[in-house]
Amino acid sequence: MELLRPSSLDDLNGGLMIHGGTEVVPLLRDGILKADTLVDIRGIVPRGVKGNRIGVGTTLAELEGSTAIPEALREACRLAASPQLRNMSSIGGNLLQSTRCWYWRLKYPCHLHGGDRCHAREGEHREHAIFANDYCASAHPSDVAAALLALDARLHTTKRELPIADLYRLPDEADRHVTTLEPGEVILELELPAVEASVYLKAMDRQRWAFPQVGVAAARVAGEVRLGLAGVAPIPWLLTGPEALDAATPLPRTAWKVDVARALVRRALDRL
Amino acid sequence: MPELSLTVNEHRYEVEAPIEMSLAHVLREVVGLTGTKIACNEGHCGACTVQVDGMPTLSCITLAHTVSGEITTIEGLRDHPLIDAFVRADAVQCGFCTPGQVVSAAALVAANPSPTIDDIRHTMAGNICRCGTYPRIEEAILHWRD
Ligand SMILES: Cc1cc2nc3c(=O)[nH]c(=O)nc-3n(C[C@H](O)[C@H](O)[C@H](O)COP(=O)(O)OP(=O)(O)OC[C@H]3O[C@@H](n4cnc5c(N)ncnc54)[C@H](O)[C@@H]3O)c2cc1C
Ligand code: SF4
Ligand code: FES
Ligand code: FES
């Protein structure tokens, strides 16, 4: 394996990009990701907060301590992962993290790995999805993406500018990807609109240092209230309102998440 | 094999290691500093915590070749008052998590010399202790300068 450290975006030419490596390193070790060339992009991806723009090389630890960003994003960063991981994790890498579904991590030949079924639907799925879970029942683990979805953030990449919702897609028989990122496309910056108020609430199996079972971000943006949820669908989930939870399609052992989501949505809207 | 230059506890080491080798592995097996422990080897427990430029970092999921900053391991904290504080509070049972605990705690008190219990719980959350010595670890950090 070789490691490249390009000094400009123009020098990029294939290879597996690595920023903090908190996802890349374990997945390489487990053989889920394979690469002959690793490309350390820390030197070419913007870092830091400038006005309403956030370089995606900014770490979650830096954002957790930033007063220049909306509360929901700050809180999502503060409650994500562990202190060491927040020191290492870039916000860009966070948006692109893979599912924590244990079947997937243990390399079961499931739909998301290109196989012919979803093992979680029939098997253990207490931590899985309550929406859009018929093909792949995984639950998206990013607190940060849920917050950015509620905040209506936009992404700037080397190829385009897009609302964060368009970074994600539900996997299907024809295409198992959960993001729309193209090979070689680099995310550079996040752009936030003017946010009037926002909150992030997170339910975990323990009080600290755990993935979201359900995360709820609420934000008031241009007079409109937006809700972004983590842990409820294979991708970060935009909820049109509290009543949309009536349309959830929980699996036998994920029904409890609907109740938790209902309670968190109510509390988040109260606090807004 | 690719060459690598690391600064650990203010010493410079010129070593060789494959690109895919973790910092924890290089520290223990190549440099020979075995104070840093590997438990889960996947970022969950904090046993492998070292500081990179003062920042607690999980060496088990860091590739050694990607590190350019100064590394501090438990061996570099031999004379830190926290060591004595951990002993006084009897904050060690099996001791496997302890190097990582001390490395995280040293960064905490450097940034915030008088942490509250809540500061300690937030900042130490990434260091798991399977023996459950948390109350004593908190006590050791609260009274680290006594
Ligand atoms: C044990 C553990 C617990 C965690 N808990 C939580 C949690 O509770 N909540 C939460 O939200 N997150 C959690 N995370 C996720 C963590 O925040 C992410 O792993 C981290 O943010 C990834 O950032 P990185 O810089 O390390 O990415 P890397 O591992 O370096 O990269 C991740 C992926 O993104 C790609 N990539 C990185 N940057 C770019 C870019 N700029 N453009 C294009 N592609 C890019 C890489 O190629 C790779 O595919 C946890 C992670 C671990 C390991
Ligand atoms: S939930 Fe998704 S990732 Fe998990 S087994 Fe089913 S298809 Fe695979
Ligand atoms: S050994 Fe590194 S986090 Fe557990
Ligand atoms: S003292 Fe045994 S794991 Fe902490």
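Buried area is the accessible area, taken with a 1.4 Å probe, that two parts lose on being put together, summed over both. By that count, chain A and chain B bury about 2,200 Å² between them, with 58% of it on carbon and sulfur atoms. The model is predicted, so local features need pLDDT of at least 70 and side-chain atom pairs count only at pLDDT 80 or more, while totals for chains, interfaces and linings use all residues. Residues are numbered from 1 along each chain as its sequence is written, chains are lettered from A and ligands numbered from 1 in the order in which they are written, and side-chain values use heavy atoms, without hydrogens and water.

The contact (heavy atoms within 4.5 Å) draws on both chains. Salt bridges, defined as a side-chain nitrogen of Lys or Arg within 4 Å of a carboxyl oxygen of Asp or Glu, are counted alongside.

| Item | Value |
|---|---|
| Contact residues, chain A | 26 residues |
| Contact residues, chain B | 27 residues |
| Salt bridges, chain A to chain B | zero salt bridges |
| Salt bridges, all chains | 24 salt bridges |

One salt bridge joins the side chains of A:Arg47 and A:Glu62, at 2.6 Å from N to O. A:Arg47 lies in strand S4 (47-50) and A:Glu62 in helix H2 (60-64) of chain A, so the pair ties together parts 15 residues apart in sequence. Helices (H or I, at least four residues) and strands (E, at least two) are DSSP runs, numbered from the N terminus.

Now ligand 2. Of the 13 residues around ligand 2, A:Cys101, A:Cys110, A:Cys118, A:Cys136 and A:Ala137 come nearest; near means a heavy atom within 4 Å. Helix H6 (102-105) and helix H7 (119-122) of chain A each give two or more residues to this shell. The shell holds nine nonpolar, four polar and no charged residues.

A:Arg169 sits in the loop between strand S7 (161-163) and strand S8 (187-191) of chain A. A:Arg169 and A:Cys110 are 18 Å apart in space, C-alpha to C-alpha, and 59 residues apart in sequence. Beyond neighbours within four places in sequence, A:Arg169 is in contact with residues including A:Asp175, A:His177 and A:Ile235.

Definitions and conventions
Nonpolar A, V, L, I, M, F, W, Y, C, P; charged D, E, K, R; others polar.
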